[in-house]
Each structure stands twice: as structure tokens, then as C-alpha cells.
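Please open the model in your viewer and keep the selection panel within reach. The stops below say what to select next and what is to be found there.

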Amino acid sequence: MADSDNVNINGNSYDWEGVTISGPQGVLTGISELNWSSEKPKKDTYGKGAVRRGQTRGNYSAKFDMVLDPDEYDDLISSLSGGIYDSQFDFAVIMEGNRQHEIVLKQMTVDSLTDGAKNGDGEITQKLSGKVKMIHRDGKPEYEEK
């Protein structure tokens, strides 16, 4: 297997075969990409002079995007009680390598849906993008209110 097929997370090597993704429809096999990110920005505060006096705390936000095959997208839609834009759902990502690592994307909501097809490779996909209320890493939320 080529090095480009492996993902290095926390010093452990993972590959796509060692990743299991579950959603409201069960284990996904027709998924080719899942990305997530989060942020809690800080803003510098200034008074008199050019030196920073401190920082304000911004709000936590998280987002996702994924690429699904049409049949996997249909399975997802069938499992939701509302439409694609009106439902909340969770996805769990389990990575097995030197040690098991679990990411849970909690209360995902879809903001956009992009359909696509490429000439020559016969691939037709649906790309979903949206927001995540909270990302849990190995059972712990990324951010907790204090």
C-alpha cells in the first residue's frame, strides 16, 4: 500500500480500510470522503498603545462535508424523519490502527447539497456540507461550557 493511502493521526497510521463510519442508516460503505473541522477563535483587544492587552473568547463552531454515492445518499434520506435540510443526525467515525480512535459528529445539519458527475470515470456523487453542534473525540466533547 502506498504511503498516500495511509492517514497519520496522533502518531498512529490508519488507512481507509481501517475506518468505519456509521450514520442513522447504519454503517456506510458508499462514502468516499468525510471531513470535519472546528474552531473557537480569539480576538486581540487593545487599549492605548500598540501592545495587545488581552483576548476575547469567540464562539465554538464546527462543520463537516462528505461525499456519498447516490445509493448511500438515498439510504441516508430514507433514515431521516424530516427532509435533508430539516433533520439533525449523528455520524461516528472509528479508526482502527495502533489504537482505536473514535470521533462522533453530534447533531449535524445540512446547509448545502451538490450533485456531481464526471465524464470518463462514471462516478456520480452527492456532496453534503453543513454544521455540527459538537465534535466528541474519544468520548470527550471538544468544548464544554464553564
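Begin by selecting aspartate 111 and lysine 131, which form a salt bridge whose closest N and O atoms are 2.8 Å apart; the term salt bridge stands here for a side-chain nitrogen of Lys or Arg within 4 Å of a carboxyl oxygen of Asp or Glu. Aspartate 111 lies in strand S10 and lysine 131 in strand S11, so the pair ties together parts that are 20 residues apart in sequence. Strands (E, at least two residues) and helices (H or I, at least four) are DSSP runs, numbered from the N terminus. Aspartate 111 counts as partly exposed at 43% relative accessibility, and lysine 131 is partly exposed as well, with a relative accessible area of 49%; on this scale buried means under 20% relative accessible area, exposed means over 50%, and partly exposed lies in between (1.4 Å probe, protein chains only).

Before going on, note that this is a predicted model, in which local features need pLDDT of at least 70 and side-chain atom pairs count only at pLDDT 80 or more, while totals for chains, interfaces and linings use all residues. Residues are numbered from 1 along each chain as its sequence is written, and side-chain values use heavy atoms, with hydrogens and water left out.

Next select aspartate 90 and lysine 106, a salt bridge with its closest N and O atoms 3.9 Å apart. Aspartate 90 belongs to strand S9 and lysine 106 to strand S10, so this pair ties together parts that are 16 residues apart in sequence. Aspartate 90 counts as partly exposed at 34% relative accessibility, and lysine 106 counts as partly exposed at 30%. By the rule stated above, the count comes to four salt bridges.

Move to strand S6 (residues 42-46) and strand S7 (residues 52-57), which run antiparallel and are joined by five bridges; two strands are said to pair if DSSP finds at least two bridges between them. Lysine 43 stands opposite threonine 56 in S7. S6 and S7 form a hairpin with five residues between them, and glycine 49 in the turn has a positive phi of about 100 degrees. Another salt bridge can be shown here by selecting aspartate 44 and arginine 52, whose side chains meet at 3.6 Å, N to O. Aspartate 44 counts as partly exposed at 33% relative accessibility, as does arginine 52 at 43%.

**Strand S8 and its partners**

Now select strand S8 (residues 61-68), where six of the eight residues are buried, so that the strand is largely enclosed by the rest of the structure. Strand S5 (residues 31-39) pairs with S8 in the antiparallel sense over eight bridges, and in this pairing asparagine 35 has aspartate 65 of S8 as its bridge partner. S8 is also joined by seven bridges to strand S11 (residues 124-137), again antiparallel, with lysine 127 in S11 as the bridge partner of valine 67.

Which residues have the most contacts inside the largest nonpolar core? Select Met66, Phe91 and Leu105, which hold that place in a core of 25 residues; such a core is a set of buried Ala, Val, Leu, Ile, Met, Phe, Trp, Tyr and Cys residues joined through side-chain atoms within 4.5 Å. S5, S8, helix H1 (70-79), strand S9 (89-95), strand S10 (101-117) and S11 each supply at least two residues of this core. Leaving aside neighbours within four places in sequence, phenylalanine 91 is in contact (heavy atoms within 4.5 Å) with residues including Leu34, Met66, Leu76 and Leu105.

Turn to H1, whose buried residues are Glu72, Tyr73 and Leu76. They cover an arc of only 100 degrees around the axis, which puts them on the same side of H1; the arc is that of the directions from the helix axis to the C-beta atoms. These buried residues pack against S8, S9, S10 and S11, whereas the face turned away from the buried side carries the exposed residues Asp71 and Ser78.

**Colouring by confidence**

Finally, colour the chain by pLDDT, the predictor's confidence in each residue, from 0 to 100. The mean pLDDT of the protein chain is 87, and 88% of its residues reach 70 or more. Confidence is lowest in strand S1 (residues 6-9), at a mean of 54, and highest in S4, at 96. Where pLDDT is low, the predicted coordinates should not be read in detail.
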